[in-house]
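Please walk through this structure with me, one region after another. Keep the sequence and the 3D view side by side.

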Amino acid sequence: MTNKRETRAWVDIDLDALAHNYHAIRDWTRREGGDPVKLLGMVKANAYGHGAVAVGRKLQELGAEMLAVACLAEAVELRQAGVTIPILCLGQTPVELADDLLEYDVTQTVGDLELGRALSAAAQVAGKELSIHIKLDTGMGRLGFMWREGSQATTVEEIKALCALPGLRAEGLYTHFATADEDVDYTELQGRRFQEARTTLEQAGIHLKNYHCASSAAVLNYPWTHMNMVRPGIALYGHYPDPASEIRGEPRLMPVMTLKARVTSVRTMPVGAKLGYGCTATLTRESRIAVLSIGYADGLPRSLSNKLQVKLHGTPCPILGRICMDMCMADVTALPQVKAGDTAVVYDRDLNRIAELAGTITDELVCRVSGRVPRVYWENGTRIV
Ligand SMILES: *Cc1c(COP(=O)(O)O)cnc(C)c1O
């Protein structure tokens, strides 16, 4: 079924694959037995390019306890689309927007007392209570109350003061790992700091409903990081966050996104012909060259020029020459049947390998698919939008 929207480039979003990954991660966190682990689904950055509204609604339907976004505007989009489960805002929200946090019932991350005081004041003026999660910096060096050797006492006092502020309801404590995908020792150091903070705060009478620190790599590799809530992002979208989990292949994850583009024309070109800006490719034989209607403005990294292989009729075909803003060229000499109107799979699985070719990470590949590229949703094997 071809839709008018799919004339150039589009992504298929497989909500069944999302459901599969959701259940796979649930099973993975349950496998050790013990207390149930809640799932906070990462839908920041338009759900890593997959479409926040569709993904947020699906995760809510599947039973996710909470969602997380980067900024207030992303939370508002979800609320306006009918998402009712708790939403955590990970980034700082300017105090001028405190009323919106309250109106849209968004849980705000607080990583310093100054923001806490300002939000408390705003909540009191509004006559409401704002839910917050407290962020600890155990070694990421980005946001949060500092918890490391020498800073603990100050931080305990600040968090006690924060929890005593009127108008705020502290419901979680969390931290973020800097190297969960590579350095075990540093991850364990951060883990020890987090545990120490949790214990110290509990001794000071501060007990919170949610404790979380595991992004995908920690979810898949370190069960001790699961606490009572996990925060997977890239694994929900079907990609392994690190080589170890990818080699293990467990739990099995299924890519949710497939990036596709149309063949707009096919021509036979002579040996010696040069292709594209900078003439970076020269044909060494007579070749059939297909033009694909996708380029770097659609989010296809230009750094994949002369490196990526797209699939046509299931067969890999090399991209030749530089990827342009709106188009690129593929060698389809091996496939005489390729014609204008055919669909190329630009990428679906193996994104970690493609990301490496592009000099980036899988997360960036999926996030950068631009707004010009329509998202086409599939559920129960059927196209839904
Ligand atoms: C993005 C993010 C995550 C999810 O990371 P993945 O590696 O995609 O699983 C978790 N926690 C925080 C604070 C994040 O910013």
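Tyr48 is found in helix H2, residues 44-48. Helices (H or I, at least four residues) and strands (E, at least two) are DSSP runs, numbered from the N terminus. Tyr48 is not a glycine, yet its phi is positive, about 50 degrees. This is a predicted model: local features need pLDDT of at least 70, side-chain atom pairs count only at pLDDT 80 or more, and totals for chains, interfaces and linings use all residues. Residues are numbered from 1 along each chain as its sequence is written, and side-chain values use heavy atoms, with hydrogens and water left out.

Which residues are closest to the ligand? They are Lys44, Tyr48, Ser216, Arg231 and Gly233, out of 13 that surround it. To be counted as near, a residue needs a heavy atom within 4 Å of the molecule. By class, this shell has five nonpolar, four polar and four charged residues. Here Ala, Val, Leu, Ile, Met, Phe, Trp, Tyr, Cys and Pro count as nonpolar, Asp, Glu, Lys and Arg as charged, and the others, Gly among them, as polar.

A side-chain N or O atom of Ser216 is 2.5 Å from a ligand oxygen. Gly233 uses a backbone N or O atom, 2.8 Å from an oxygen of the ligand. In His176, a polar side-chain atom lies 3.4 Å from a ligand nitrogen. Alone, the ligand exposes 390 Å², and the protein buries 88% of that. These areas come from the Shrake-Rupley method with a 1.4 Å probe.

Next comes a loop. Between helix H10 (243-248) and strand S11 (257-269), the loop holds Pro251. The peptide bond joining Glu250 and Pro251 is cis, with omega about -5 degrees.

Strand S15 (residues 309-312) pairs with strand S16 (residues 315-320) in the antiparallel sense, over four bridges. Pairing requires at least two bridges found by DSSP. Lys311 stands opposite Pro316 in S16. S15 and S16 form a hairpin with two residues between them. In the turn, His313 has a positive phi of about 50 degrees. S16 also pairs with strand S17 (residues 328-331), antiparallel over two bridges. There, Leu320 has Met329 of S17 as its bridge partner.

Methods:
A polar contact is a pair of N or O atoms within 3.5 Å; within protein, one must be able to donate a hydrogen and the other to accept it, and residues adjacent in sequence count only if both atoms are side-chain atoms.
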